[in-house]
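Here are my notes on the model. Please read them with the structure open.

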Amino acid sequence: CIHEVTFRVRDPEHSGVQIIGLPEGQEFATAEGDFNFNCQQDDRWLAIGTQLNIWTWARATTQSHAMARTPSSAKASSAPSPASPTAAAAPVAAAAAAPNKAEEMRLIRRVPLPASSAQALTRMQAALAETNKKGSPSGLLWRCMENMSTDWAKAKRMANKMMDPKYTLSQFYADLSAFPELNLYLLDDKASSSSSAGSPSAGMSSGRTLGDEFQRTIGAFFAIFWMMRLDLDGKDGFANGVDETWLPVALTGKEDMRVTQPDKRIAFQRNAKWDFFQKLLMDAGLIEEKKSGTIFKSSSKIQVNEKRLVSLLALTAVHDIMKMAVILPEVQEEHAPYHGYGLGDTIGDHDHALSYMMEHYPQVLPSFRDLEASEKRSVQFTQCNLCFNHGWFVQAEAPPGAIFTKFREALIRDHKSQIGQQDVALYFVHWLTNLAGAEPTPLAGCEKFVTKF
């Protein structure tokens, strides 16, 4: 039986409502029953008689208020609901936010977590509770990714549809389930810090917010989606985000209150060098110009390079997983020292940690291990410690030696000159999309890039 309850939040800033993800509209988890992983479990790793709910703030169908829903509810007695990027499996509560426009906009810029999130989080928390250290250098990562595989058919289909006018952002978001590593972003710092205290259920206590790194990663994915569609709706999406139906917002003027800071967004969309964006994509091999015709008449068409775009999508899925401190690897004897880390040291730098796993344990990362050798090299290069300061370069604040020395060393010494121009361009595409998605508000467009520079 499902009960709907409507309540008003008079002060979203009050500390008492932080447990339901306010004021930022964060996802939060509630637990029912005894999460004792030593007792009997069902085939979804849940203790019998327990329930884990993940609550997500989602855009309402009306403009009057935002709604809190539970799109994913993992129960021992019922199967999980199908994934849906825009609708909740079981709406159980609606909250009318305070009538402050800025606060209302802040609550509806995050994507709802997939319907499978509760099941995935429970499985990973069970892995966290395991004392078995199988799979060094990161036992938890091995356990979480055990028997996981990337849906390459879906990933390729996603790449091929990227420039199709009928392919929507909501469909793209649903297709991102192809990459199993995305679930790792649910193991955020709050989860790991509470669970490391010796109580595996602590990380699932009621009211724990989660998902910022997941939202940032989805923001980077959305930046890719919009950049690949600059000749369609990509400029509107990149600059302004989407409306309640997940369609790009076309601003009508500086007084358009559907977005925050409309004046900055309009200025960015008007002044951005969009042709430079497209050239960078072409330099990286993500798109290519296909020419056809006869000696009397010729034409050209921009098309997707499927293999290259799939590699970028796979890179985006894994690029920040090591920000989840609980899965950081330890340097093994045969690899010590590694970038200044000695035997047994936990690799604290998340880029170095990911590089370590890519170099020595690629089998743990399904979305990396199955790439072709040339694509693996290209992806690994994006994780190098290049010490490249973009600010210095753009503003001519340092001599060439200070800017490019480390870059050159990485190309020649670390990668033995196997890195080409396309790989360097891919590094900058990744940097751009990573920056564009730096705010955990993917439905609001690329806010960091558009409104904060």
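1. At what angle do the axes of helix 11 and helix 17 cross, and within what distance do they come? They cross at roughly 45 degrees and come within 11 Å. Axes here are lines fitted to C-alpha atoms over the stretch in contact, with angles from 0 to 180 degrees between N-to-C directions. That makes helix 11 oblique to helix 17 (under 35 degrees is roughly parallel, over 145 roughly antiparallel, 65 to 115 roughly perpendicular, the rest oblique).

2. A word on the source. This is a predicted model: local features need pLDDT of at least 70, side-chain atom pairs count only at pLDDT 80 or more, and totals for chains, interfaces and linings use all residues. Residues are numbered from 1 along each chain as its sequence is written, and side-chain values use heavy atoms, without hydrogens and water.

3. Arg308, Leu312 and Leu315 of helix 11 meet five residues of helix 17, among them Leu426 and Val429 (contact: heavy atoms within 4.5 Å). The contact has four nonpolar, two polar and two charged residues.

4. Helix 11 also packs with helix 14, at about 45 degrees and with axes 10 Å apart. Here Lys307, Arg308, Ser311 and Leu315 meet Glu375, Ser378 and Val379. Two of the contact residues are nonpolar, two polar and three charged.

5. The largest nonpolar core has 91 residues (buried nonpolar residues joined through side-chain atoms within 4.5 Å; buried is under 20% relative accessible area, 1.4 Å probe). Helix 7 gives the largest share, nine residues. Phe172 is among those with the most contacts inside the core. A second, separate core has 10 residues, including Leu386 and Ile403.

How values were computed:
Buried < 20%, exposed > 50% of the residue type's maximum accessible area, 1.4 Å probe, protein only. Helix = DSSP H or I, 4+ residues; strand = E, 2+ residues; numbered from the N terminus. Nonpolar A, V, L, I, M, F, W, Y, C, P; charged D, E, K, R; others polar.
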